[in-house]
Structures are given as C-alpha cells and as structure tokens.
Amino acid sequence: MAGTDVRDGITLTCAPEKQGESIVFTYSLANGGHGDAFVSDAGMRIDPKARTASADPGAVAVWLSPDRYATVLKGVAPLPEERDVPGVVMPLMRRLAPGERLERTLTLALPLAEHSAYYAIGNLRDYRLVEIEGLRLAVDVLAKVPPGFVPAPVPYAPEHVDIGVRGTLPLLTRLSCRFAARGLHLMVRGGAYPRPD
C-alpha cells in the first residue's frame with residue numbers, strides 16, 4: 001500500500017515493507033513544478049581511519065511521535081534541547097529538475113532506534129522498547145528557491161549539493177507519508193531527546 005504527499009509541486013510516494021529483520025522504504029520524489037527543487041538525499045559519513053568523507057544514503061533521524069508512530073526523517077534533524085551544538089547539520093541535497101523523478105530505497109534494521117546526526121545509537125541500557133502504531137517517512141525539500149540562490153558543489157559527492165543554512169532553512173518543506181503497522185517496536189531513548197509533533 002503506497003502513500004502520497006504533495007506540497008509546493010513536489011510529490012512524495014512511498015511504500016514500506018518488512019523484509020526479514022528490516023524495514024524497506026521504497027519511495028520516489030517527483031518535481032511537478034516549473035523550477036529546480038532540491039531534496040534531502042544523504043548525510044555525510046567520515047571514515048575514521050582514512051579520514052575521508054563520503055555520502056551516506058542511509059542517514060536519517062528517528063523519533064517517537066505523539067501519535068505513537070516512528071518518524072523516519074531524511075532531512076534536518078531536530079536540534080538538541082539540553083545542549084548547544086556548533087551549527088545545524090544539513091543533509092546533502094539532490095537537484096530535481098522540473099519533470100524529473102528520483103527513486104530511492106531506504107533499508108533500516110529492526111527494531112528501529114531513536115537517533116540522529118546529534119545522537120548516535122548508544123548502549124541498549126539507555127533505551128526502552130515501545131510498541132508503535134506505525135511508521136512515517138518524511139523528506140525535507142527546498143522547492144521555493146530564493147533569488148540568487150546558488151548551491152555549493154560537494155567535492156566528495158558529485159551527485160549532491162550543499163544548500164547551506166542561511167536563507168534556505170526556513171524555506172524547507174517537509175513531505176511525509178504515514179502507514180499503520182502492527183507488531184513493530186521502537187527503541188526509545190531515556191533522557192533528553194527532541195521529539196517534534
């Protein structure tokens with residue numbers, strides 16, 4: 001069963017499926033507008049030994065929403081509330097030209113666990129297992145490009161661009177698809193962790 005969300009000329013279509021010990025989100029983003037859009041597509045991964053950067057297509061933020069759905073976000077993770085951070089961690093974006101469709105597959109191991117760019121998955125003792133009502137896939141998109149906007153190339157990921165933070169962060173649109181599901185659990189962190197509505 002596929003879900004769809006349309007905002008600012010961008011259509012997100014998604015169908016999740018449980019495969020063994022994983023959840024697989026097969027999704028697409030289509031640009032039905034008249035100008036370029038930029039969609040969240042990856043995060044940055046650092047190889048500690050080689051000290052090199054690469055694009056991580058599996059980078060997401062996960063949290064328990066008030067409706068007891070697990071939200072899986074490809075986009076700008078909620079900022080920590082209990083500590084200051086040097087800056088907003090922005091996703092690597094993929095340019096989506098008018099009429100273009102981007103198809104992706106995201107595979108996440110079960111059980112899902114709350115984590116983000118600001119909170120690595122920690123010790124199992126720091127979590128409690130909660131039965132959830134379903135899943136929500138969300139993707140941040142820059143569909144309304146500000147005047148004079150020029151994205152920066154990403155040297156280690158030629159297919160992606162950096163849209164920066166100043167002037168673009170407030171313009172991001174969040175598309176999402178929601179799916180009811182039974183028998184799924186989420187590892188919920190103890191202590192402070194941002195869980196937006």
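# Briefing on an all-strand predicted model

G43 counts as buried, with a relative accessibility of 11%. This glycine belongs to strand β4 of a predicted model in which 16 strands and 0 helices are found. The radius of gyration is 17 Å, close to the 16 Å that the globule rule gives for 197 residues, so the protein is as compact as a globular protein of that length. The points below proceed from the whole chain to individual residues.

**Overall architecture**

- The secondary structure of the protein consists of 16 strands, with 0 helices.

**Burial, surface and charge**

- Of the 197 residues in the protein, 44% count as buried.
- The accessible surface amounts to about 10500 Å², and 51% of this area belongs to carbon and sulfur atoms.

**Cysteines**

- A search of the whole structure returns 0 disulfides.
- A disulfide is a covalent bond between the sulfur atoms of two cysteines.
- For C14, the closest cysteine sulfur is that of C177, at a distance of 5.5 Å, which is too far for a bond; the cut-off for a disulfide is a sulfur pair within 2.5 Å.
- C177 likewise takes part in no disulfide, and its nearest cysteine sulfur is that of C14, 5.5 Å away.
- C14 is buried at 1% relative accessibility, and C177 is buried at 3%.

**D5 in strand β1**

- D5 is part of strand β1, which covers residues 3–7.
- With a relative accessible area of 12%, D5 is buried, because the limit for that class is under 20%.
- Leaving aside residues up to four places away in sequence, D5 touches I10, T11 and L12, as well as R174, L175, S176 and C177.
- D5 and P196 are 191 residues apart along the chain, and their C-alpha atoms are separated by 19 Å.

**L12 in strand β2**

- L12 lies in strand β2, a strand that covers residues 10–19.
- The relative accessibility of L12 is 0%, and the residue counts as buried.
- Not counting residues up to four places away in sequence, L12 touches G3, T4 and D5; Y27, S28 and L29; L137 and V139; and L175, S176 and C177.
- The C-alpha atoms of L12 and A138 are separated by 8.9 Å, although the two residues are 126 positions apart along the chain.
- D5 and L12 are in contact with each other, and C177 is among the residues touched by D5 and by L12.

**G43 in strand β4**

- Strand β4, which covers residues 37–47, contains G43.
- Beyond the residues up to four places away in sequence, G43 touches S54, A55, D56, A59 and L92.

**Backbone features in loops**

- Most residues other than glycine have a negative phi, and most peptide bonds are trans.
- D8 has a positive phi, near 50 degrees, and is not a glycine.
- D8 is located in the loop between β1 and β2, and counts as partly exposed at 36% relative accessibility.
- R51 also has a positive phi, near 55 degrees, in a residue other than glycine.
- The peptide bond from L110 to P111 is cis, with omega near -5 degrees.
- P111 sits in the loop between β9, residues 101–109, and β10, residues 112–113.

Terms used. Residues are numbered from 1 along each chain as its sequence is written. This is a predicted model: local features need pLDDT of at least 70, side-chain atom pairs count only at pLDDT 80 or more; totals for chains, interfaces and linings use all residues. Side-chain values use heavy atoms; hydrogens and water are left out. Helices (H or I, at least four residues) and strands (E, at least two) are DSSP runs, numbered from the N terminus. The radius of gyration is taken over C-alpha atoms; the globule rule is 2.2 Å times the number of residues to the power 0.38. Buried means under 20% relative accessible area, exposed over 50%, partly exposed in between (1.4 Å probe, protein chains only). Accessible areas come from the Shrake-Rupley method with a 1.4 Å probe; for residues, only the protein chains shown count as cover. Contact means heavy atoms within 4.5 Å.
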